[in-house]
Amino acid sequence: MTRFFGRRAVLAALAMPFVTQRAHARAPFRLRGDPQPLLSPPIVDESGRDRRLEDFGGRVILLNIWATWCPPCREEMPMLDRLQARIGGADFMVLPLCIDDAGIDRGRRFYNEIGIANLSLFWAESLRVQLAFAFVGLPTTLLIDRESREIGRLQGPFDWDSDDTATQIRGLL
């Protein structure tokens, strides 16, 4: 049996538990010192009305880009529902933006299957969302200030149930 393992192989093995698990016990966003203006793709609400990010202005928005075919997205949706129930209101909202090619109906079926009760549902064309928000991979979450500017971004899944998350967002309200 060979005793020699490459340094990269050993480092990769040691890092694997941190790479494959959800982040815990930390605030999700490293806040930007320079809020960035955002383009807004057409966002459709469940009544079929076209919306834009500016329509939600005046409150802090946690914009979560997701799809029903994305396993980490599906896993974190109940946590986002609980975050909305915990601190959502006139000053803050979770805006889940479904980009399924099949449209908003597939997102609604998913909500009904898992019992999402506190989140509204929004849909947009995936290509337009990718171009407007310049992201790669799902889920992607943007923290947006009251003036509809990006102040934070998180690629990948996160533990939205954490007290650190609620504390960071409440600090912006």
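Predicted model: local features only at pLDDT ≥ 70, side-chain atom pairs only at ≥ 80, totals over all residues.
Is Ser148 buried or exposed?

Ser148 has a relative accessible area of 12%. Buried means under 20%, so Ser148 is buried. Its position in the chain is the loop between β7 and β8, the latter spanning residues 149–155. Please look also at its backbone: Ser148 is not a glycine, yet its phi is positive, at about 65°.

Ser148 leads us to the cavity. The structure holds one cavity of 30 Å³ or more, and the space in the largest cavity comes to about 30 Å³. Which residues line the largest cavity? They are Leu53, Phe56, Gly57, Arg59, Ile61, Ile144, Asp145 and, once again, Ser148. Sorted by class, this lining has four nonpolar residues, together with two polar and two charged ones.

Let us turn to the loop between α4 and β7. Here α4 covers residues 126–133 and β7 covers residues 140–144. Two residues of this loop deserve a moment of your attention. One is Ala134, which is found in the loop between α4 and β7. Ala134 has a phi near 45°, a positive value in a residue other than glycine. Exposed means over 50% relative accessible area, and Ala134, at 62%, therefore counts as exposed. The other residue is Pro139, which also belongs to the loop between α4 and β7. The peptide bond that runs from Leu138 to Pro139 is cis, and its omega is near -10°.

My last topic is the cysteines. In general, a disulfide is a covalent bond between the sulfur atoms of two cysteines. How many disulfides does the structure hold? The structure holds one. The partners are Cys70 and Cys73, with an S to S distance of 2.4 Å. What is the hand of this disulfide? The torsion about the S-S bond of Cys70 and Cys73 is about 75°, so the disulfide is right-handed. As for accessibility, Cys70 counts as buried at 4%, and Cys73 counts as buried at 0%.

Cys98, by contrast, is in no disulfide. The nearest cysteine sulfur to that of Cys98 belongs to Cys73, and it is 9.1 Å away. A disulfide requires two sulfur atoms within 2.5 Å. Cys98 is buried, with a relative accessible area of 0%.

Thank you for your attention.

Notes:
Residues numbered from 1 in each chain as written. Heavy atoms only, no water. 1 Å grid on protein atoms, 1.4 Å probe; cavity = no way out; pocket = protein on both sides within 12 Å on 5 of 7 lines; lining within 4 Å. Points joined across faces, edges and corners; volume = space filled by probe spheres on them. Nonpolar A, V, L, I, M, F, W, Y, C, P; charged D, E, K, R; others polar. Helix = DSSP H or I, 4+ residues; strand = E, 2+ residues; numbered from the N terminus. Buried < 20%, exposed > 50% of the residue type's maximum accessible area, 1.4 Å probe, protein only.
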